Amino acid sequence: MRDTQNRLLVQTKLSTLDTAIANYVAINKRLPCPANGTIASGALNAGVEAPSPATGTCNPAAQTYGVIPWVTLGLTEEDATDPWFARMTYRVDPALTQIIPLLMDMSNCDPAATGLAGAGGNCLVPVAPCTASAACTSASSFLNGKGLDVWDGKNGAAGWASRQNNRGAGTGAAYVIISHGATGAGAYNKNGAAGPLFATQQGSISIPNPVPPPATLVAGNDEIPNMNGQSIALPSAQLSTYRDAPLNDIKTQAHFDDYLSHPTIMYVLNKANLGPRVH
């Protein structure tokens with residue numbers, strides 16, 4: 001019963017985070033950088049996005065240990081913590097977090113145009129009329145090569161080639177949020193410690209996460225690319241692509257209990273009212 005409740009609750013939490021991120025994009029026209037998951041609750045910069053002053057994009061360390069920047073999004077740490085008391089991992093294409101140019105904005109793109117994106121990947125200021133015009137940036141040109149890859153892990157190389165989120169085909173995920181499920185394999189807790197086998201807190205009671213199955217493996221094969229503590233590979237290869245595989249509680253290499261949100265860039269921008277021009 002408790003497990004069923006947690007599985008429903010994690011979906012609600014993911015939806016709340018999606019809405020908060022879309023609201024952030026609507027105001028800032030960029031995605032937030034991750035917060036550093038190794039920083040303990042209450043410490044300086046816990047839950048705060050970590051951009052790099054040198055590049056204006058995300059601090060590489062924060063990307064490697066990235067969690068939801070709950071303070072930056074105006075949320076509580078509880079909002080960014082899954083039902084199994086672990087911080088949710090947050091991955092994002094650094095280009096979509098930069099300040100110059102602001103890339104989370106397609107309001108100058110035109111779906112009827114044929115032109116390329118600007119040198120910085122942005123939509124060029126349209127020169128009307130845009131229909132069939134190379135003087136206006138097309139939506140497909142803008143989206144190509146942006147975002148993150150996500151795959152369901154099925155059918156090997158052929159399945160990966162037709163993956164749900166494909167940055168090379170213009171369907172890249174704007175970001176990926178990962179709850180690492182009941183096992184907590186690869187997640188960070190409120191103390192900034194990495195799972196699996198970390199103790200979490202519910203009030204004053206210490207609750208150890210279950211041993212990730214099987215005990216001799218860190219995680220299931222499809223869970224390993226989702227684990228925190230890894231740098232982002234852009235563009236991704238088949239082995240490094242984030243996985244949103246079917247849930248599988250069997251204690252074998254096929255085990256998968258992660259829960260993900262990975263909306264496309266177009267979906268997020270439409271939700272933020274920053275999608276392409278409408279004729």
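Counted along the chain, the bonded cysteines of this protein pair in the pattern 1-2, 3-4, 5-6. The model is a predicted one. A disulfide is a covalent bond between the sulfur atoms of two cysteines. With a cut-off of 2.5 Å between cysteine sulfur atoms, the count comes to three disulfides.

The description may begin with the pair Cys 33 and Cys 58, whose sulfur atoms lie 2.3 Å apart. The torsion about this S-S bond is -95°, and the link of Cys 33 and Cys 58 is left-handed. The pair connects distant parts of the chain, 25 residues apart: Cys 33 belongs to the loop between α1 (2–28) and β1 (35–36), while Cys 58 belongs to the loop between β1 and α2 (60–64). Cys 33 and Cys 58 are both buried.

Further along is the disulfide of Cys 109 and Cys 123, with a sulfur separation of 1.8 Å. Its handedness follows from the torsion: the angle about the S-S bond of Cys 109 and Cys 123 is about -80°, and therefore the disulfide is left-handed. Cys 109 and Cys 123 each lie in the loop between β3 (89–92) and α3 (139–143), so the bond ties together parts that are 14 residues apart in sequence. Burial applies to Cys 109 and also to Cys 123.

The remaining pair is Cys 130 and Cys 136, joined by a disulfide with an S to S distance of 2.0 Å. Here the torsion about the S-S bond is -70°, and the link of Cys 130 and Cys 136 is left-handed. Cys 130 and Cys 136 are both buried.

Note on methods: Residues are numbered from 1 along each chain as its sequence is written. This is a predicted model: local features need pLDDT of at least 70, side-chain atom pairs count only at pLDDT 80 or more; totals for chains, interfaces and linings use all residues. Side-chain values use heavy atoms; hydrogens and water are left out. Helices (H or I, at least four residues) and strands (E, at least two) are DSSP runs, numbered from the N terminus. Buried means under 20% relative accessible area, exposed over 50%, partly exposed in between (1.4 Å probe, protein chains only).
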